[in-house]
Amino acid sequence: MASRRAIQVGGAAVGVGAVYYLYAAGGNPSVAEKKLEHDVSAAGARLKGQDLSANEAQKKGEVLAKEAGATIDRTVDSVRGEVKQADQVITAKMHEAGSKLDHLKDDGAKKLDAGYKDTSKELQQTADTFDKTVNKKTAEAKSGISSWLGFGGK
């Protein structure tokens with residue numbers, strides 16, 4: 001009796017399945033048959049460990065990985081270009097700063113040298129004036145003392 005019952009349940013399942021596939025195929029028996037064959041093949045592949053959706057996922061994953069790799073490559077290239085430009089700007093600014101520093105150093109040295117020469121010249125003139133004044137005053141003092149003592153004027 002159990003086997004008869006199993007046949008009845010199995011037959012009912014097949015009938016429900018057939019109705020499902022016919023309904024899903026819009027009433028077209030050939031489309032329903034192809035859909036059934038595809039589902040049976042997919043179920044068999046899953047049982048064998050060859051899940052078709054896993055293969056499809058792997059293919060999509062590979063495509064996405066390639067796209068991500070290309071995006072990363074473009075980003076890296078872009079960053080490298082920006083770093084190269086920044087390096088060029090920094091190098092140019094360093095050269096400009098070095099030139100300005102050299103100019104300021106040379107200009108400062110020239111001004112210091114000119115100031116030294118001017119100060120030296122003024123100091124020399126002051127010393128010469130002082131010597132002339134001392135000599136003149138000394139000569140005047142000698143002549144004054146000599147005239148007091150009677151040695152001058154002869």
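Author: What follows goes from the overall fold to confidence, then to salt bridges and one lysine. This is a predicted model, in which local features need pLDDT of at least 70 and side-chain atom pairs count only at pLDDT 80 or more, while totals for chains, interfaces and linings use all residues. Residues are numbered from 1 along each chain as its sequence is written, and side-chain values use heavy atoms, with hydrogens and water left out.

Reader: What share of the residues count as buried?

Author: Of 154 residues, 3% are buried. Buried means under 20% relative accessible area, exposed over 50%, and partly exposed in between (1.4 Å probe, protein chains only).

Reader: What is the mean pLDDT of the chain?

Author: The mean is 79, and 75% of the residues reach 70 or more. pLDDT is the predictor's confidence in each residue, from 0 to 100.

Reader: Which element has the lowest mean, and which the highest?

Author: Helix α1 (residues 2-24) has the lowest, at 67, and helix α3 (residues 52-149) the highest, at 85. Where pLDDT is low, the predicted coordinates should not be read in detail.

Reader: Changing topic. How many salt bridges does the structure hold?

Author: Five. A salt bridge here is a side-chain nitrogen of Lys or Arg within 4 Å of a carboxyl oxygen of Asp or Glu.

Reader: Take E96 and K100. What is the N to O distance?

Author: The salt bridge between E96 and K100 is 3.4 Å, N to O. They are separated by about one helical turn because they sit four residues apart in helix α3. E96 is partly exposed at 37% relative accessibility, whereas K100 is exposed at 51%.

Reader: What about D77, which residue does it pair with?

Author: D77 pairs with R80, the closest N and O atoms being 4.0 Å apart. Both lie in helix α3, three residues apart, about one turn of the helix. D77 is partly exposed at 49%, and R80 is exposed at 56%.

Reader: And E140?

Author: E140 forms a salt bridge with K137 at 3.9 Å, N to O. These two also lie in helix α3, three residues apart. E140 has 40% relative accessibility, so E140 counts as partly exposed.

Reader: Last one: where is K35 found?

Author: In helix α2, residues 29-47. K35 is partly exposed, at 38% relative accessibility. Its C-alpha atom is 8.8 Å from that of A24, eleven residues away along the chain.
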